[in-house]
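Dear colleague,

Please find below the structure that I am handing over to you. My notes on what was found in it follow directly after.

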Amino acid sequence: MQTKSQICPIRWQDNALFLLDQRRLPAEETWLRLDNAPEVAEAIRNMVVRGAPAIGFAAAFGVVLSVLRHGSAAGWRNLVDSDIETLAAARPTAVNLAWSLGRMTKLLAAESDDLARSLLDEAQDQLKTDREQNLRMGQAGAELIEKGSKVMTHCNAGALATAGYGTALAVIRVGHGQKKIEQVFVGETRPWFQGSRLTAWELAKDGIPVTLLADSAAAQAMQKVGINWLIVGADRIAANGDVANKIGTYALAIAARHHGAKVMVVAPHATVDMSISDGSGIPIEERSANEILDAAGIENCLPEITIANPAFDITPAALIDFIVTEKGVFRAPFEGAFSRLKPGKMT
Ligand code: MRU
C-alpha cells in the first residue's frame, strides 16, 4: 500500500499499556503508561484513546493487565470479571469494545496454562489483524473513487482510531496514493475537535492536502466546491445498514445526498451488530455538558443553559451508498446484505 503513516496509538511494553494521549494532539505527542484495568477504562472514558476499534484494543490489553494483577489471588476470576464489566461500560456506542472483550472472555474460559501469555497474544493479534484489514478496506474503498475526487470526512477514522492506517482514512490514503484524490475536506468535529486536532494532523503528516472547515461550513462546501464523496467510519452498524457514527455524520449524509456526493462508510465487519435490527436500537452516548460549555478552554455560554451533548448519531441506511468492510464491499440497499458475515469471526 502506498502510505507513509505508521501511527499506532497503542503499545504494550514492560508489562504495561502505553497510549498516545489523544487529548493533547496535535500540540504534544505524549504517551501515558497504564498499569491496571480501571486506569484503562478511565482512559477510554476520558478520550485518551478513542475511535471504535482502538477502544476495543485498549480494553483487550486492560484484560491482560487485570490477569497480571489478580491472576494468582484467591477468587481471581471474579476480580477479572469485575474489571471486564468496568471496561465494557466505559463507552456504550461502539460495538467493537464488546467485540474485543468477548474474544478475551472466551480465552479466559479456555483456562490455558499460561493465561496471561495467551491473552496478550490475542490482544497483539487484534492489533495486527486490524492493520491488515484496514489495508484491505483501503484498497477496496479506493477502487470506488474516480480520479480528481474531492472528499469530505468527519471526526477521525484514521490510524489514531485503529491500530494503524484507519478505516475511512485508509481509503483516503490509498486513494491519494493512487492520485485519485485532489483534496480532503474535514470539519472540526466539535466539541472534541477530532477533525481539526487528529484527522488534519494525520493527513498533513502524510502530505495529503487537507482543508479544515467549521462543521457548519460543510453543506456550503458541498454546494460551492463540489464534493464527490463523503467517507466516514462507524461505531456500530445495525443489521439493516443504519450507521452510528460521530455526531454530525447524519447531517453530512443528508447534505451529501442533496448535492449528489456519494456516501461511503468504512468499517471492519465486527462493527456490524446483527443483534440490532435498525439504528433505533443502538445506544447513543450522552457526554458531559462541560465539553460544550468550555470547548477549547473557552466558556461558550452561561453555565445555567441546558446543554445536550450526544456523541453519536444514526445515519439511516437509505442515505448510504456503500459500506466497505474487509470482507467485501456492500452496495445499497443493505437489507439482508450482511447475513453472510459471521459475527465474532475474524479472517
Ligand atoms: O468519540 P470518538 O472520537 O471515539 O468517535 C469516533 C468516531 O465516531 C469514528 O468515526 C468511529 O469510531 C470510527 S473509527 C475507525
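Domain 1 and domain 2 bury about 2600 Å² between them, and carbon and sulfur atoms give 55% of this area. Buried area here is the accessible area, taken with a 1.4 Å probe, that two parts lose on being put together, summed over both. Arg50, Thr93 and Val95 supply 24% of the area that domain 1 buries against domain 2, more than any other three residues.

Please note that this is a predicted model, in which local features need pLDDT of at least 70 and side-chain atom pairs count only at pLDDT 80 or more, while totals for chains, interfaces and linings use all residues. Residues are numbered from 1 along each chain as its sequence is written, and side-chain values use heavy atoms, with hydrogens and water left out.

The two domains span residues 10–133 (domain 1) and 139–345 (domain 2); the bounds come from an automatic or database domain assignment. Their centres, taken over C-alpha atoms, are separated by 25 Å. Domain 1 brings 28 residues to the contact and domain 2 brings 32 residues, where contact means heavy atoms within 4.5 Å.

Between domain 1 and domain 2 there are 17 residue pairs in polar contact, both residues being at pLDDT 80 or more. A polar contact is a pair of N or O atoms within 3.5 Å; within protein, one must be able to donate a hydrogen and the other to accept it, and residues adjacent in sequence count only if both atoms are side-chain atoms. On the side of domain 1 that touches domain 2, the elements giving two or more residues are α2 (52–70), α4 (95–110) and α5 (115–142). Helices (H or I, at least four residues) and strands (E, at least two) are DSSP runs, numbered from the N terminus. That side of domain 1 comprises 13 nonpolar, 6 polar and 9 charged residues. In this division Ala, Val, Leu, Ile, Met, Phe, Trp, Tyr, Cys and Pro count as nonpolar, Asp, Glu, Lys and Arg as charged, and the others, Gly among them, as polar.

The count of salt bridges comes to 19, each being a side-chain nitrogen of Lys or Arg within 4 Å of a carboxyl oxygen of Asp or Glu. Between domain 1 and domain 2 the count is 2. Glutamate 29 forms a salt bridge with lysine 205, with the closest N and O atoms 3.9 Å apart. In another salt bridge, arginine 45 pairs with glutamate 42 at 2.8 Å between the closest N and O atoms. These two residues are 3 residues apart in helix α1 (residues 37–45), and are therefore separated by about one helical turn.

There are 4 aromatic pairs; rings of Phe, Tyr and Trp (its six-membered ring) pair if their centres lie within 6.5 Å, with planes under 30 degrees apart counted as stacked, over 60 as edge-to-face and the rest as tilted. Tryptophan 229 and phenylalanine 322 have ring centres 5.8 Å apart and planes at 40 degrees, so the pair is tilted. Tryptophan 229 lies in strand β7 (residues 229–232) and phenylalanine 322 in strand β13 (residues 322–325), so the pair ties together parts that are 93 residues apart in sequence.

Finally, some backbone features deserve a note. Most residues other than glycine have a negative phi, and most peptide bonds are trans. The peptide bond from leucine 25 to proline 26 is cis, with omega near 0 degrees, and proline 26 is placed in the loop between β2 (16–20) and β3 (31–34). Asparagine 15, with a positive phi near 55 degrees, lies in the loop between β1 (10–13) and β2.

Yours sincerely
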